[in-house]
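This note sets out a reading of the structure shown below, arranged as numbered points. Please read each point with the coordinates open.

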Amino acid sequence: MNRSADPPQPPLPQPSYPVPWHVDRRDRTHPMVTNRGATVQFARVFARTSRDPGRTLMWGHVEHGEQMEVCLCDTDVDDVVVTLAWFRPEDGHEYIWRFVV
């Protein structure tokens, strides 16, 4: 049986992608999220606590520089985790990023 002298190489990982979002937490019940990267498609926000299964905000298409508010009224901001999910037009993959206030 003949074998290649070099074993097959695993595929290289994709280059890193900086998270496009910046969060202004000055008002913890209404953090402002700014898209500092390229335009993203179909952005969604999920806010969940240990007691509340959460709420979902559909932002849709978010342009570079656009600011969006996450309303956390009636939520324990010390217990909330906010998750942003979006699709990049360049590759069509879904990306997810989480933050706390």
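Which residue in β2 stands opposite Asp-24? The residue opposite Asp-24 is Met-32. The points below place this pair in its setting; the model is a predicted one.

1. Overall make-up. The protein consists of seven strands and zero helices. Read from the N terminus, the order of elements is therefore β-β-β-β-β-β-β, and the radius of gyration is 19 Å, well over the 13 Å given by the globule rule for 101 residues, so the protein is more spread out than a compact globule. The C-alpha trace spans about 70 × 30 × 20 Å along its principal axes.

2. Burial and surface. Of the 101 residues, 32% count as buried. The protein exposes about 7100 Å², and 52% of that area is supplied by carbon and sulfur atoms.

3. Charge. There are 11 positive and 14 negative side chains in the protein. The centres of these two sets lie 5 Å apart.

4. Contacts along the chain. Among contacts with a separation of 6 or more, 53% are accounted for by residues 24 or more positions apart.

5. Strands around β2. Strand β1 covers residues 21–24 and is joined to β2 by four bridges, the two strands running antiparallel.

6. Thr-34. This residue is found in strand β2, which comprises residues 32–35. Is Thr-34 buried or exposed? Its relative accessibility is 11%, so Thr-34 counts as buried, the cut-off being under 20%. Once neighbours within four places in sequence are set aside, the contacts of Thr-34 are Pro-20, Trp-21, His-22, Gly-65, Glu-66 and Gln-67.

7. Gly-37. Not counting residues up to four places away in sequence, Gly-37 touches Pro-20 and His-64. Pro-20 is also among the contacts of Thr-34. As a further reference distance, the C-alpha atoms of Gly-37 and Ala-85 are separated by 14 Å, the two residues being 48 residues apart along the chain.

8. The β3 and β4 hairpin. Strand β3 (residues 40–48) pairs with strand β4 (residues 55–62) in the antiparallel sense, over six bridges. Within this pairing, Val-45 stands opposite Leu-57 in β4. Six residues lie between the strands of the hairpin, and Gly-54 takes a positive phi near 105°.

9. Thr-49. The C-alpha atoms of Thr-49 and His-93 are 27 Å apart in space, and the two residues are 44 residues apart in sequence.

10. Most residues other than glycine have a negative phi. Phe-42 has a positive phi near 45°, and its place is in strand β3. At 38% relative accessibility, Phe-42 counts as partly exposed. Asp-74 likewise has a positive phi, near 60°. Asp-74 lies in the loop between β5 (67–69) and β6 (81–87), and its relative accessible area of 83% makes it exposed.

Terms used. Residues are numbered from 1 along each chain as its sequence is written. This is a predicted model: local features need pLDDT of at least 70, side-chain atom pairs count only at pLDDT 80 or more; totals for chains, interfaces and linings use all residues. Side-chain values use heavy atoms; hydrogens and water are left out. The radius of gyration is taken over C-alpha atoms; the globule rule is 2.2 Å times the number of residues to the power 0.38. Buried means under 20% relative accessible area, exposed over 50%, partly exposed in between (1.4 Å probe, protein chains only). Contact means heavy atoms within 4.5 Å. Accessible areas come from the Shrake-Rupley method with a 1.4 Å probe; for residues, only the protein chains shown count as cover. Lys and Arg count as positive and Asp and Glu as negative; His and the chain ends are not counted. The place of a charge is taken as NZ of Lys, CZ of Arg, CG of Asp or CD of Glu. Two strands pair if DSSP finds at least two bridges between them.
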